[in-house]
Amino acid sequence: MTKQSIFGRIAQLAKANINALLDQAEDPQKMLDQMVRDYTNNIAEAESAIAQTIGNLRMLEDDHAEDVKAAQDWGNKALAASRKADEFRAAGNSTDAAKFDNLAKVAIQRQISSENEAKAAEPTIATQSEVVDRLKTGLEQMKGKLNELTAKRNELVARAKTAAAQTQVHDALKSIDIMDPTSEVSRFEEKVRREEARVRGQQELAASSLDAQFNELEDLGERTEIEARLAALKQGGSPAAIGSAGTSGTAAGAGSTPAVDEADFDKL
């Protein structure tokens, strides 16, 4: 039963379709880690069982070698006893001759017994040797499958980390997309534009106020010149002299004089 269990486990693990298992896994990395642990534990169990089987085979081989050696020893003893009996018989000592013949028979009987035990063990040794060879082959297949699984696990973990890094970079780039109207950069840009527009409005207001101030200064200058000429006329100055002595730019500002009725000039 133990042998069948070992063979069944080796056959199942050696024929396992790792790719199919990964396709069905919700978390391939966790499943692969568990599979690596299971394979490692199964290999350790298989190695222990195979080592025990090999130990049993070596015991059988040792017993067989002892039986073969015992058969040889008893054969040598039978031969020595037979020769000794022949020597006593040649010397006319039939009693000792018969004694050593009996010893030779006993040695031959034990030789046959040892030979029978050695022959009886040979089929079992052959079968166990075949079993050990198959177990060793299966164990090597398991180790190869473990290496394949470990490499697959490492590849998958590396690919998962690469994908995660790419996703993180993509999300980071997306979060700072300046073309996205909802991004922080776009909102800040809009705020700056509004501030720039406000500043332009202030500048336009300031420019309008400054133009008004210059216009007011021009009107004031013109009125001052008119008052000055009028005062000169009242003091008896001639109109030509007063005109030539006036400040430049009077003609340009004549339109700013107070409104009068042109008919009044005809009365002069």
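How many helices and how many strands are there in the protein chain? The count is 7 helices and 0 strands, where helices (H or I, at least four residues) and strands (E, at least two) are DSSP runs numbered from the N terminus. Read from the N terminus, then, the order of elements is simply α-α-α-α-α-α-α.

A word on ground rules before we go in. This is a predicted model, with residues numbered from 1 along each chain as its sequence is written, and local features need pLDDT of at least 70 while side-chain atom pairs count only at pLDDT 80 or more. Totals for chains, interfaces and linings use all residues, and side-chain values use heavy atoms, with hydrogens and water left out.

Let's start with the overall picture. Of the 268 residues in the protein chain, 19% count as buried; buried means under 20% relative accessible area, exposed means over 50%, and partly exposed is in between, using a 1.4 Å probe and protein chains only. The accessible surface of the chain comes to about 19,400 Å², and 55% of that belongs to carbon and sulfur atoms. Those areas come from the Shrake-Rupley method with a 1.4 Å probe, and for residues only the protein chains shown count as cover. Now for contacts, meaning heavy atoms within 4.5 Å: among those in the protein chain with a separation of 6 or more, 75% are accounted for by residues 24 or more positions apart.

Where do the buried nonpolar side chains come together? The largest nonpolar core has 12 residues in all: L32, M35, Y39, I43, A46, I50, V131, L135, L139, M142, L146 and L149. Such a core is a set of buried Ala, Val, Leu, Ile, Met, Phe, Trp, Tyr and Cys residues joined through side-chain atoms within 4.5 Å. Helices α3 and α4 each supply at least two residues of it. Take L146 as an example: leaving aside neighbours within four places in sequence, L146 is in contact with V36, Y39, T40 and I43.

T53 sits in helix α3 and is buried, at a relative accessible area of 8%. Not counting residues up to four places away in sequence, T53 touches Q128, V131, V132 and L135. Of these, V131 and L135 are also on the list of core residues. Over in helix α4 you'll find T150, which counts as partly exposed at 30% relative accessibility. T150 and D33 are 117 residues apart in sequence, yet their C-alpha atoms are 8.5 Å apart in space.

Next stop, A118, also found in helix α4. A118 counts as buried, at 5% relative accessibility. Residues touching A118, apart from those up to four places away in sequence, are H64, D67 and V68.

Q111 is another helix α4 residue. The C-alpha atoms of Q111 and A71 are separated by 4.3 Å, although the two are 40 residues apart along the chain. The Q111 side chain also reaches the backbone oxygen of A71 at 3.4 Å. Setting aside neighbours within four places in sequence, Q111 is in contact with A71, W74 and G75. W74 has something else going on: the charged end of K77 sits over the W74 ring, 4.5 Å from its centre. To count as sitting over a ring, NZ of Lys or CZ of Arg must be within 6 Å of the ring centre and within 35 degrees of the ring normal.

Finally, the aromatics. A search of the whole structure turns up 1 aromatic pair. F88 and F100 are the partners, and they are stacked, at 5.4 Å centre to centre with 20 degrees between the planes. Rings of Phe, Tyr and Trp (its six-membered ring) pair if their centres lie within 6.5 Å; planes under 30 degrees apart count as stacked, over 60 as edge-to-face and the rest as tilted. Because F88 lies in helix α3 (residues 28–90) and F100 in helix α4 (residues 94–175), the pair ties together parts that are 12 residues apart in sequence. F88 is partly exposed, with a relative accessible area of 21%, and F100 is partly exposed with a relative accessible area of 21% as well.

Methods:
Polar contact = N/O pair within 3.5 Å; in protein donor to acceptor, adjacent residues only side chain to side chain.
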